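The sequence and the structure come first, and the description follows.

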Amino acid sequence: MIDKTTARNLDIQRYLGTWYEIGRYQHSFEKDLVGVTATYTLRENGKIEVLNRGYYKELDGKLKVANGKAKLTNQPGKLRVSFFLFFYADYNVLELDKEGYQWALIGSSTPNYLWILARTPSISDELYLEILKKSKKRGYDLQKIYKVPQKIN
């Protein structure tokens with residue numbers, strides 16, 4: 001059983017900006033992508049624009065871009081995200097660095113999706129292991145996590 005309890009005090013203003021994928025469950029719409037980032041921007045109309053970028057197979061490979069949108073829900077730590085017309089999926093902020101918003105663990109309504117995000121292209125091994133422990137405690141299979149290669153400046 002997966003624990004999908006979300007972070008209670010998500011401040012969307014602090015969450016906005018660019019996040020790097022540090023790890024994820026593999027799935028069809030990000031297959032073979034590395035160097036993946038997600039940028040969240042609040043529009044004047046109150047909607048959130050989502051821009052996902054990643055490189056095909058290699059960090060200097062072909063750039064793939066996906067534009068989407070997100071909307072807040074009345075549940076803390078939960079958004080609804082869409083990249084395909086009007087089909088929205090749950091975006092659950094499960095764990096979050098509450099002080100600095102430097103890392104986040106994201107899940108969905110199903111146990112098939114999991115992302116480890118950070119504000120920087122890399123995190124310390126200690127922090128990565130800490131996030132993995134939190135994932136395992138929630139019931140996620142650590143064997144499924146793919147560590148995403150990132151460009152390190």
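## Burial and the basis of the description

A residue is called buried here when its relative accessible area is under 20%, exposed when that area is over 50%, and partly exposed in between. Asp3, at 33% relative accessibility, therefore counts as partly exposed, whereas Arg138, at 7%, counts as buried. The model is a predicted one, and of the 153 residues of the protein chain 43% count as buried.

## Overall architecture

The protein chain contains two helices and nine strands, which follow one another along the sequence in the pattern α-β-β-β-β-β-β-β-β-α-β. Its radius of gyration is 15 Å, close to the 15 Å that the globule rule gives for 153 residues, so the chain is as compact as a globular protein of that length. The C-alpha trace spans about 35 × 35 × 30 Å along its principal axes.

Among the contacts in the protein chain with a separation of 6 or more, 50% are made by residues 24 or more positions apart. The accessible surface amounts to about 9000 Å², and carbon and sulfur atoms account for 52% of that surface.

## Nonpolar cores

The largest nonpolar core comprises 20 residues, and the members with the most contacts inside it are Tyr15, Tyr40, Tyr91 and Ile106. At least two residues of this core come from each of α1 (12-15), β2, β3 (48-56), β5 (78-84), β6, β7 (103-107) and β8 (114-118), while β6 gives the most, with three residues.

When residues up to four places away in sequence are not counted, Tyr40 touches Tyr15, Leu16, Gly17, Trp19, Ile48, Glu49, Val50 and Tyr91. A second, separate core has 16 residues, including Tyr25, Trp103, Ile116 and Leu127.

## Salt bridges around Arg138

Eight salt bridges are found in a search of the whole structure. In one of them Arg138 is paired with Asp3, with the closest N and O atoms 3.7 Å apart; because Arg138 lies in the loop between α2 (125-137) and β9 (145-147) and Asp3 in the segment before α1, this pair ties together parts that are 135 residues apart in sequence.

Arg138 also forms a salt bridge with Glu95, where the closest N and O atoms are 3.0 Å apart. Glu95 lies in strand β6 and Arg138 in the loop between α2 and β9, so this pair ties together parts that are 43 residues apart in sequence. Glu95 itself is buried, with a relative accessible area of 18%, and, leaving aside its neighbours within four places in sequence, Glu95 is in contact with Trp103, Ala104, Leu105, Lys134 and Arg138.

Asp90 belongs to strand β6 and Lys78 to strand β5, and the pair links parts of the chain that are 12 residues apart. Both of these residues are buried.

Glu30 is located in the loop between β1 (17-25) and β2 (33-42), and at 5% relative accessibility Glu30 counts as buried. Apart from neighbours within four places in sequence, Glu30 is in contact with Glu21, Arg24, Val36 and Trp115.

Technical notes. Residues are numbered from 1 along each chain as its sequence is written. This is a predicted model: local features need pLDDT of at least 70, side-chain atom pairs count only at pLDDT 80 or more; totals for chains, interfaces and linings use all residues. Side-chain values use heavy atoms; hydrogens and water are left out. Buried means under 20% relative accessible area, exposed over 50%, partly exposed in between (1.4 Å probe, protein chains only). Contact means heavy atoms within 4.5 Å. Helices (H or I, at least four residues) and strands (E, at least two) are DSSP runs, numbered from the N terminus. A nonpolar core is a set of buried Ala, Val, Leu, Ile, Met, Phe, Trp, Tyr and Cys residues joined through side-chain atoms within 4.5 Å. The radius of gyration is taken over C-alpha atoms; the globule rule is 2.2 Å times the number of residues to the power 0.38. Accessible areas come from the Shrake-Rupley method with a 1.4 Å probe; for residues, only the protein chains shown count as cover. A salt bridge is a side-chain nitrogen of Lys or Arg within 4 Å of a carboxyl oxygen of Asp or Glu.
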